[in-house]
Amino acid sequence: FGDVNTGSFPKSLVVFIVGVILGWADSVTTGDSVSDSTDVVKAWGISTGLSALGDWSTVPDYIGTIIPVAVSAVCGSLMNAMSAAQAGDNYPVVEVTVADGIGTIVGAVFGTPFGTSVYIGHPAYKKMEAGIVYSLINCAAFFIFGIFGVFALIAAIVPQQAVAPLILFVGLIIFAETFSTAPSRHYPAIGIGLMPSVCDWALTNGMNYNSVGNSTYYGYVGLKSGGGAILASLVLTAICVHTIDRNYIHGLAWSVAAAVFSVFGLMHQDEVSAKSVGEPQSSYCAYRAGATSCPDRYTDCLSFGAPTCAPLASVATRFMTGYLVLAGFFAFFQFLQMRGYVGAVLPSIAEQDEKAYAEEKLKPSVVTEAVKQVAAQATEGEADGAAVPKQGLDS
C-alpha cells in the first residue's frame with residue numbers, strides 16, 4: 001500500500017522469500033519434515049474418479065454438505081466477477097459461472113473433491129501486474145505438482161507464515177476496494193457483511209475450545225452459517241443495502257429467500273435437509289458450558305468432550321420466522337412509500353454511474369471550446385475588417 005519500489009522483483013515474491021527465510025531461521029520448518037515429505041514425491045500419474053459412480057449409497061449423507069458448498073462457490077464467483085468489474089475488467093457472468101461448472105465436472109471425473117471457482121482478489125492481482133500468464137503458470141504448476149506429489153514437499157519447505165501475509169494482502173485489497181467503490185451510506189451494510197466471516201474464523205480456530213462458551217455463543221454459530229460465511233454475508237448485506245436505499249421490494253425478496261435458506265439449512269444450520277427441519281442442530285450445543293443439569297426445553301449434550309446443554313427444539317423455524325417478520329416490515333414500508341409517506345428509492349451505484357457518464361458526454365470538451373473561441377475571434381475580426389491573429393488560429 002506504501003508503493004515501495006522493489007525493482008524487477010514482484011512485491012509478492014519478496015514477501016514470500018523473506019517469510020521462507022524467517023521460517024527456517026526460527027525452526028518453524030526443519031530438515032526432518034522436508035526429509036519425511038520426500039517419501040511421497042514420485043510419479044503418481046493420472047487417475048479418474050469414475051469408480052465412485054458404482055456406489056451412490058452415501059450421497060444422502062453428504063448432500064447436506066455439497067449443496068451449501070456449491071451455493072457458496074457460485075456466490076463467490078459472482079462477487080469476484082463484480083470485483084473485477086470494479087477494477088475495470090468486465091467478464092460475462094454466464095461465461096464465468098458456466099466455466100466454473102464445467103471445470104468442477106472435469107475435476108470430479110479425475111477424482112478431485114474441490115470445486116473450481118474464480119480467483120478471489122482480482123484487484124490485488126492486477127495491482128501486482130499479474131495477467132493471464134499468471135493463471136496459466138498456476139494451472140501448469142498445480143498440474144505438475146499434483147502428478148508428482150510435490151505439494152507435500154512444498155508444504156514442508158514453505159511455512160504458513162510465508163503465505164499468510166500474501167493472503168492478508170489480498171483480503172485488505174478487497175476490503176479497501178469495497179469502501180472505495182461503495183457510497184458512504186452503505187458502510188453500515190459492509191460492516192454487517194463482515195460479521196459472518198469473522199464468526200466463521202473465530203469458531204474455526206477454536207473459540208469454543210474446551211467448551212468455553214455460553215448462550216451468546218449461539219450468535220457466533222448462527223452467523224457462521226451452515227451454508228458458509230459467504231452466503232450469509234451476501235444475504236445479510238443485500239438486506240441491509242436495500243433497507244438503506246429504501247428499495248423495499250428487493251428487501252422483501254431477499255428476506256423471503258433468507259427464510260427459505262434458513263428452514264432448509266442453507267443458513268444458520270449444520271446441514272441442508274428437509275427432514276431435520278424440526279430437529280435440533282448439534283452446533284447449538286453450547287448453553288451453560290460445564291453445567292451439571294439442564295433447564296426445561298434443553299437436553300444434555302457434549303461440546304468438545306465437555307457436558308453442556310442444547311435446545312430440544314430446532315432453531316431453524318426461529319430464523320425462518322424472523323426473516324418472514326422482516327419481509328412483513330418491508331411490505332408495510334412499501335405500502336407507505338407508495339402512499340408518499342416514505343421517500344422514493346435511492347439510486348443505485350450503477351444508476352449513478354450511468355447518470356454521471358451521460359452528464360459527462362453532454363459537457364463540451366476542451367478542444368470544442370477552443371475551436372469555438374477561435375471561430376468567434378475570426379468572426380469578430382471579419383466584422384471589424386481586421387486580420388485574424390495567426391497565433392490565435394495556431395492555438
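This is a predicted model: local features need pLDDT of at least 70, side-chain atom pairs count only at pLDDT 80 or more; totals for chains, interfaces and linings use all residues.
Trainee: Which helix holds Val-260?

Mentor: Helices here are DSSP runs of H or I with at least four residues, strands are E runs of at least two, and both are numbered from the N terminus. Val-260 sits in helix 12, which covers residues 248-263. Residues are numbered from 1 along each chain as its sequence is written, and side-chain values use heavy atoms, with hydrogens and water left out.

Trainee: Is Val-260 buried, partly exposed or exposed?

Mentor: Buried means under 20% relative accessible area, exposed means over 50%, and partly exposed is in between (1.4 Å probe, protein chains only). Val-260 counts as partly exposed because its relative accessibility is 41%. Also, its C-alpha atom is 9.4 Å from that of Leu-324, 64 residues apart along the chain.

Trainee: What about Ser-233, and why does it count as buried?

Mentor: Its relative accessibility is 11%, so Ser-233 counts as buried. Ser-233 belongs to helix 11, residues 229-244.

Trainee: Which residues does Ser-233 touch?

Mentor: A contact means heavy atoms within 4.5 Å. Leaving out residues up to four places away in sequence, Ser-233 touches Gly-193, Pro-196 and Ser-197. With Gly-193, a polar atom of the Ser-233 side chain lies 2.8 Å from the backbone oxygen.

Trainee: How do I read a pocket?

Mentor: Rolling a probe the size of a water molecule over the atoms shows where empty space is left. On a 1 Å grid over the protein atoms alone, with a 1.4 Å probe, a pocket is an open set of points with protein on both sides within 12 Å along at least five of seven lines; lining residues have an atom within 4 Å of a point. Here, the second largest pocket holds about 520 Å³ of space, a volume filled by probe spheres set on the points.

Trainee: How many residues line the second largest pocket?

Mentor: There are 21, with Pro-10, Lys-11, Ser-12, Met-128 and Phe-169 nearest its centre. Helix 1 (11-25) and helix 8 (160-181) are the elements giving two or more residues to that lining. Helix 8 supplies the largest share, 5 residues.

Trainee: And what does the whole protein look like?

Mentor: Its secondary structure comes to 16 helices and 2 strands. Of its 395 residues, 28% count as buried.

Key
A polar contact is a pair of N or O atoms within 3.5 Å; within protein, one must be able to donate a hydrogen and the other to accept it, and residues adjacent in sequence count only if both atoms are side-chain atoms.
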